[in-house]
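Colleague: I would like to learn how to read salt bridges. Please walk me through them.

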Amino acid sequence: MIWGIFKRDMCHATRNVIAVIVSMGLVVVPALYAWFNIAASWDPYGNTKALKVAVANNDKGYKSDLIPVRVNVGETIISTLHANDQLDWQFVKSDKAIDGVKSGEYYAAIVIPKGFSADMMTLFSPDIKHAQLKYYLNEKINPIAPHITDQGATTVVNTIDKTFAKTIAQVGLDLASSILHYSQSPQMAEYMRNLNGNLTTMADTLSGASQQVTSYSQLLGSANDIVDSTGKLLASATKAGKQAQNALKQGKSGATSLTSAGANVTSSVNTALDQVSGAFDQVAAKVNKAFDAIGKDSDTAASQLATLSEQISSGESLYDTYITSLNHMRESVEQLPDSDSAKQALLEAIDREITLLEAAKGDSQKLAQQLKDASTQVTQDTAAAESSRKEILNRITSAKQSISNVRDDYATNVKPKIDALASTVSTLISQTDSMITQLSGTADGLDDVTGDVGTNVTSIRSTLGAIAKKLDSSAATVKELITKLETDGNAGDGNSDGGDGDNDADSGESDELRALATANASTLSTLISAPVALHRVSVYPIANYGSAMAPFYTILSIWVGAIILCAMLKVTISDREKAHVLGLGDTLPRIAGPSGPGNASRWGLRLDHEYFGRYAIFALLALLQGTLVCLGDTYFLGVQANHALQFLAVGWLAALVFSNIVYTLTVSFGDIGKAVAVVLLVMQVAGSGGTFPIETLPKFFQMLYPFLPFPHAIDAMHAAMAGSYGNEYLLDMVYLALFLIPSLLLGLVLRKPVIRLNNWVSRNLESTKVM
């Protein structure tokens with residue numbers, strides 16, 4: 001039945017010349033629709049040079065003390081635009097430019113104001129102004145032209161920015177080059193030699209200062225040892241006096257109160273020596289009392305003399321400690337710089353002091369021996385004891401004289417020398433004096449004070465040590481700078497012999513700086529003004545704008561072809577045609593009832609036979625339309641098609657789907673169905689994403705997008721043209737084919753209940769004699 005209907009339709013369509021011409025027209029018209037649109041939009045952005053844009057320069061230029069050269073950015077812009085063919089630039093006066101935009105002679109106009117250069121140069125002043133161009137645009141002439149001229153205006157602004165940045169960068173590079181050339185001149189070499197000499201002197205001075213500070217620190221350590229020895233000597237002498245008093249059970253209890261410590265270490269030493277001398281006076285008194293008791297109690301006197309001998313002997317070690325401390329001080333003084341005027345005099349004074357102390361020590365040793373000898377004589381020979389008494393008293397007087405000599409020599413020779421050094425170590429003397437003034441008059445208090453002095457001296461020595469390290473570090477830094485300058489100087493003169501890795505690195509840096517300064521300043525300034533270049537990497541590249549628009553116009557023309565087919569061909573089959581297909585003659589039997597779809601079903605011509613039988617010629621013509629338009633795109637216009645067969649397959653499938661949808665709407669709802677097909681066409685033109693990205697469209701179209709056939713057909717055609725990502729092409733083809741399901745469901749099943757309604761609407765429209 002379907003084949004029979006199709007054969008009769010083909011016979012009728014080719015029965016005469018007019019029918020053939022109309023059939024050919026139905027195939028060709030949609031292709032012409034697509035080809036004209038594609039050809040017209042083949043390369044619109046490549047022809048923008050015909051768009052007239054006026055440029056007027058009113059810039060007066062700028063000149064300042066900072067940049068003595070006159071700057072006129074406006075003239076630079078005009079020169080640049082003369083070489084630019086992006087648009088048809090018209091260089092006119094400002095009045096004519098503005099009037100030309102209003103009249104439509106120019107699409108846009110750019111006016112450079114009078115103070116443009118001056119505003120740009122405010123970059124170097126506290127009050128920065130933003131330079132502005134005046135841009136006039138006639139937006140009513142064409143909807144696309146404003147966007148193209150906007151791009152031209154943006155090009156002008158970018159040109160200005162790059163030119164300005166290039167100028168500033170070139171000035172900076174020229175200045176750097178001049179500085180480098182000057183640095184290699186004889187004047188700069190002489191300056192560097194003088195600088196190296198001064199730095200060398202400074203480094204030597206810092207090193208000497210560090211050594212002197214270290215020596216003073218060591219001297220303070222020796223002075224601290226003397227303070228400790230003095231305290232021990234005082235304690236020992238006082239202890240000897242106390243033990244003698246206890247042994248003889250006479251005299252006052254306790255030691256003689258010591259005078260408060262003086263303002264410095266020298267005062268402490270003098271006080272110590274005075275106390276030792278006083279202790280010998282006490283020993284002399286106890287000796288006289290011991291000898292006076294010989295006649296009364298010789299054994300007690302002998303015991304007392306032996307005890308005094310032991311006490312004197314125990315104090316000899318204190319002389320050794322004192323002498324050792326002076327030797328330490330002498331070693332510290334020897335480390336002072338030879339240039340120090342007080343060094344030699346202080347050494348000689350310390351040597352005399354040591355000699356006197358050794359003499360005093362000898363007297364003390366002899367006194368102890370005589371006391372020991374006397375302790376044995378008093379029990380044997382009373383007459384000899386009196387002689388020993390005189391010798392002992394004479395020896396005590398000699399020992400006191402030795403102590404007096406030590407004290408006098410210390411005051412006469414050592415003290416002035418130490419006072420001379422006090423100006424150098426003023427901080428130590430000040431703190432020691434402050435500590436000594438707080439000493440009590442007792443031996444125990446004096447022990448505490450000497451301990452505090454030792455603590456403060458240790459703190460000061462730590463500070464001096466830190467200062468010495470800092471001076472050494474500064475000297476090392478200056479020496480390193482000298483080495484650096486000498487290396488750079490040799491590299492600049494070309495006399496460097498390589499050296500170590502650091503010198504090689506410095507030489508490399510100098511070479512790089514020299515290369516930068518000797519390079520083409522214009523090239524470098526151009527790079528600085530536009531450091532980033534955009535490298536476009538095309539993914540699935542399209543040859544031209546016409547090829548990019550071809551899928552949209554091709555798919556659109558296939559839908560338009562389907563509407564034309566339904567407008568020109570009948571979608572219903574007459575009773576006469578049904579009778580011929582059934583072999584019943586020219587008419588159906590009267591029992592068939594009113595004319596309409598399905599009225600011949602009792603003779604075997606069902607509704608689906610009528611649907612597919614008449615649709616066959618629609619499908620054939622639609623396939624011819626799709627084939628012609630796709631082949632014309634590829635071989636006539638030269639549209640890009642990397643996969644030509646896939647491109648043609650999209651056209652065939654779109655032709656079948658679109659023709660079936662429009663045919664079904666028409667066969668189901670008559671002329672109303674044709675109107676619905678036109679509405680769907682309009683909706684898909686706006687919401688298919690063929691011209692603008694779907695994301696830029698209103699929300700309604702974004703939601704509607706997946707449920708329209710156009711987007712899937714266009715995407716499949718794009719994939720056939722430029723390449724497919726994964727199964728993109730096949731999926732779009734499947735989605736497009738799925739639209740046949742609702743279309744066939746409507747044409748074969750859902751339209752049955754509305755056939756009578758549709759017939760009634762058709763009769764009423766025909767009764768108007770107009771519709």
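Colleague: Is Asp608 buried, partly exposed or exposed?

Modeller: First, the ground rules. This is a predicted model, where local features need pLDDT of at least 70, side-chain atom pairs count only at pLDDT 80 or more, and totals for chains, interfaces and linings use all residues. Residues are numbered from 1 along each chain as its sequence is written, and side-chain values use heavy atoms, with hydrogens and water left out. Buried means under 20% relative accessible area, exposed over 50%, and partly exposed in between (1.4 Å probe, protein chains only). Asp608 is partly exposed, at 24% relative accessibility.

Colleague: Which residue does Asp608 meet in a salt bridge?

Modeller: A salt bridge puts a side-chain nitrogen of Lys or Arg within 4 Å of a carboxyl oxygen of Asp or Glu. Asp608 pairs with Arg606, at 3.1 Å from N to O. Arg606 is partly exposed too, at 43%.

Colleague: How many salt bridges are there by this rule?

Modeller: Six. Another one joins Glu610 and Lys578, at 3.4 Å. Helices are DSSP runs (H or I, at least four residues), numbered from the N terminus. Glu610 lies in helix α19 (residues 607-637) and Lys578 in helix α18 (residues 575-582), so the pair links distant parts of the chain, 32 residues apart.

Colleague: Are Glu610 and Lys578 buried or exposed?

Modeller: Glu610 is buried, at 6%. Lys578 is buried, at 0%.

Colleague: What separates Asp671 and Lys674 in helix α21?

Modeller: About one helical turn, because they are three residues apart in that helix (residues 671-687).

Key
Helices (H or I, at least four residues) and strands (E, at least two) are DSSP runs, numbered from the N terminus.
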